[in-house]
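Here is a short briefing on one helix and the charged pairs around the chain. Have the structure open as you read.

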Amino acid sequence: MNRIDECISIMKQVRELGFPSEYPPYKELSKRISDYIRTGEPWSGKIKFEAYGRYADVILPRRADRDIVVVLRKLK
């Protein structure tokens, strides 16, 4: 799967979890992934989905042979 298809699939899965597209953390994740598609620049970090008691661990790797990772975890 190429980078664009993988990113689209991930965003679709996140959206299917019920996060509104206008929700700021969702928008931040979308922007990070869009920037990654456009530039290929790696990024990793956490995005808090506080209203849902979750945060997303995100890894956008430099190398094309590595998987993109977005894991939703419970806030502590």
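Is Asp35 buried, partly exposed or exposed? Asp35 counts as partly exposed, because its relative accessibility is 23% and the buried class ends under 20%. Please keep in mind that this is a predicted model.

**Helix α2**
- Pro25, Tyr26, Leu29, Ile33 and Tyr36 are the buried residues of α2. They sit on the same side of α2, because their arc around the axis is only 110°.
- These buried residues pack against α1, β1, β2 and β3.
- On the face turned away from the buried side, α2 carries the exposed residues Pro24, Lys31 and Arg38.
- After α2 comes Gly40, with a positive phi near 80°.

**Salt bridges within α2**
- The whole structure holds six salt bridges.
- One of them joins Asp35 to Arg38, at 3.1 Å from N to O. The two are three residues apart in α2, which means a separation of about one helical turn.
- Arg38 is exposed, at 61% relative accessible area.
- Glu28 and Arg32 also form a salt bridge, with their closest N and O atoms 3.8 Å apart. Glu28 is partly exposed at 33%, and Arg32 is partly exposed at 30%.

**A salt bridge between strands**
- Asp57 and Lys46 form a salt bridge with closest N and O atoms 2.9 Å apart. This pair connects strand β2 (Asp57) with strand β1 (Lys46), 11 residues apart.
- Asp57 is buried at 16%, whereas Lys46 is exposed at 54%.

Key
Residues are numbered from 1 along each chain as its sequence is written. This is a predicted model: local features need pLDDT of at least 70, side-chain atom pairs count only at pLDDT 80 or more; totals for chains, interfaces and linings use all residues. Side-chain values use heavy atoms; hydrogens and water are left out. Buried means under 20% relative accessible area, exposed over 50%, partly exposed in between (1.4 Å probe, protein chains only). Helices (H or I, at least four residues) and strands (E, at least two) are DSSP runs, numbered from the N terminus. The arc is that of the directions from the helix axis to the C-beta atoms. Contact means heavy atoms within 4.5 Å. A salt bridge is a side-chain nitrogen of Lys or Arg within 4 Å of a carboxyl oxygen of Asp or Glu.
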